[in-house]
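Student: Please give me a close look at the paired side chains here, with the cut-offs behind each term. I would like to start with the charged pairs and then move on to the rings and their surroundings.

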Amino acid sequence: MLQASRVRYTLPVAIVLALGIFGGMAYSENEVQPINDLPNPYRTVRDWGHPPNGVPWAAVTAVEVSPDGSIYVIHRCKDNSCAGRMEPPILKFDASGKLLKAWGEGMFIFPHGATVDPQGNLWVTDEQAKDGIGMQVFKFSPDGKVLMTLGKAGVASAEPGLFDEPTDVAIAPNGDIFVTEGHSGPRPGNDRISKFSKDGKFIKSWGKRGSAPGEFFSPHTIAFDTQGRLFVGDRSNNRIQIFDQDGKYLDTWRQFGRPSGILIMKDDTMYVADSESWGKDEPGWKKGIRIGNAKTGKVNFFIEDMESTTEEHSGAEGVGVDAQGNVYGAVVRRQMLEKHIKK
């Protein structure tokens, strides 16, 4: 775990910390106390959207809102895997929860992170491999056509341009592609970020397993703010690391908890899904979705998970927000989709 002496903040955030306005509590530069006691301006429903043919939700791993208002939900076919299954893992809904389209049968082993680019194309990572499938990143058109594939099917590798446990993907304003790799499973993956050009040409990678600045232990999610900075959810290090697009380390934030999913909106409102805080490595923190600002680092709201201190179940890992400000949570262990509606 990262030692407190290694945590630093940019000047605006250091001022905020000194003033003690993160969640109304006081913090030193080297320490962030649990931020749980914040307003929750949402009510939660768990009956929005359903997979086709009456099958139940499997592990829901990502939810992404398209520019046209449609909502993509990624789930793992049956229980927690698509290996050998023919249920479609990618489901496209309209704003009312009506299923519009489903696809991806037989293409995935363990669908994981996802994003929608400004053109409305859906990107999905496959974090595991089996029987010649997996360890890839797919780009789909809004109607499900494969437009690009990164990585080599079924092959886990540290070679440039290949992947070992690709967990999430983000698209820069100029079209460059950034992929986080490494999941805290029984063996380490690459624990790095790989960068590609918009046409899929490998550019560079950075990072390795560790806890120093620029190192990772399960980089689980990645997102851009309006300045073009990369926010990486370094989950098993209980922190968010911030980089420029060339991999230069800029900052570390801990005030959003243990990050599994990060979403940053056009106004820099920042949603961070903490699915795993339950008191072991992060005593006092509760699971849920923290909502704040990517410019200032201030945390404003907290949607507490229904079992926020229970180890047996995770909270939402993926997070999406629609045009009305409603928040969607992709819940893996309890295998459900949550919708948090603004009160």
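Tutor: Happy to! Let's begin with burial: a residue is buried at under 20% relative accessible area, exposed at over 50%, and partly exposed in between (1.4 Å probe, protein chains only). This is a predicted model, in which local features need pLDDT of at least 70 and side-chain atom pairs count only at pLDDT 80 or more, while totals for chains, interfaces and linings use all residues. Residues are numbered from 1 along each chain as its sequence is written, and side-chain values use heavy atoms, leaving out hydrogens and water.

Here is the setting. The protein has 343 residues, and 60% of them are buried. Its secondary structure consists of one helix and 24 strands (DSSP runs numbered from the N terminus: H or I of at least four residues for helices, E of at least two for strands). The mean pLDDT (the predictor's confidence in each residue, from 0 to 100) is 90, with 90% of the residues at 70 or more. Residues 1-30 have pLDDT below 50, yet in the model this stretch makes 63 contacts beyond near neighbours in sequence, a contact being heavy atoms within 4.5 Å. Across the protein, 47% of the contacts with a separation of 6 or more come from residues 24 or more positions apart.

Now the charged pairs. A salt bridge needs a side-chain nitrogen of Lys or Arg within 4 Å of a carboxyl oxygen of Asp or Glu, and the model has 16 salt bridges. Glu 181 bridges to Arg 192, with the closest N and O atoms 2.7 Å apart. Glu 181 belongs to strand 11 (residues 177-181) and Arg 192 to strand 12 (residues 192-196), so this pair ties together parts that are 11 residues apart in sequence. Both Glu 181 and Arg 192 are buried.

The next pair is Arg 209 with Asp 191, where the closest N and O atoms are 2.9 Å apart. This one links distant parts of the chain, 18 residues apart: Arg 209 is in the loop between strand 13 (202-206) and strand 14 (219-224), and Asp 191 is in the loop between strand 11 and strand 12. Asp 191 is buried at a relative accessible area of 0%, whereas Arg 209 is partly exposed at 34%.

Further along, Arg 258 forms a salt bridge with Glu 276, the closest N and O atoms being 3.3 Å apart. Elsewhere, a network of salt bridges links Arg 46, Asp 305, Glu 307, Arg 334 and Glu 338.

Rings come next. Phe, Tyr and Trp rings (the six-membered ring for Trp) pair if their centres lie within 6.5 Å; planes under 30 degrees apart are stacked, over 60 edge-to-face, and the rest tilted. The whole structure holds 17 aromatic pairs. Phe 178 and Phe 224 have ring centres 5.5 Å apart and planes at 75°, so they are edge-to-face. Phe 178 in strand 11 and Phe 224 in strand 14 are 46 residues apart, a link between distant parts of the chain. Phe 178 is buried at 0% relative accessibility, and Phe 224 is buried at 13%. Trp 206 and Phe 243 make a tilted pair, 5.8 Å centre to centre with 55° between the planes. Trp 206 lies in strand 13 and Phe 243 in strand 16 (residues 239-243), so the pair ties together parts 37 residues apart in sequence. Both Trp 206 and Phe 243 are buried.

Last, the nonpolar surroundings. A nonpolar core is a set of buried Ala, Val, Leu, Ile, Met, Phe, Trp, Tyr and Cys residues joined through side-chain atoms within 4.5 Å. The largest has 17 residues, and those with the most contacts inside it include Phe 231, Trp 253, Phe 256 and Ile 262. Strand 16, strand 18, strand 19 and strand 21 (299-304) each give two or more residues to this core. Apart from it lies another core of 14 residues, among them Cys 82, Trp 103, Val 116 and Val 124.
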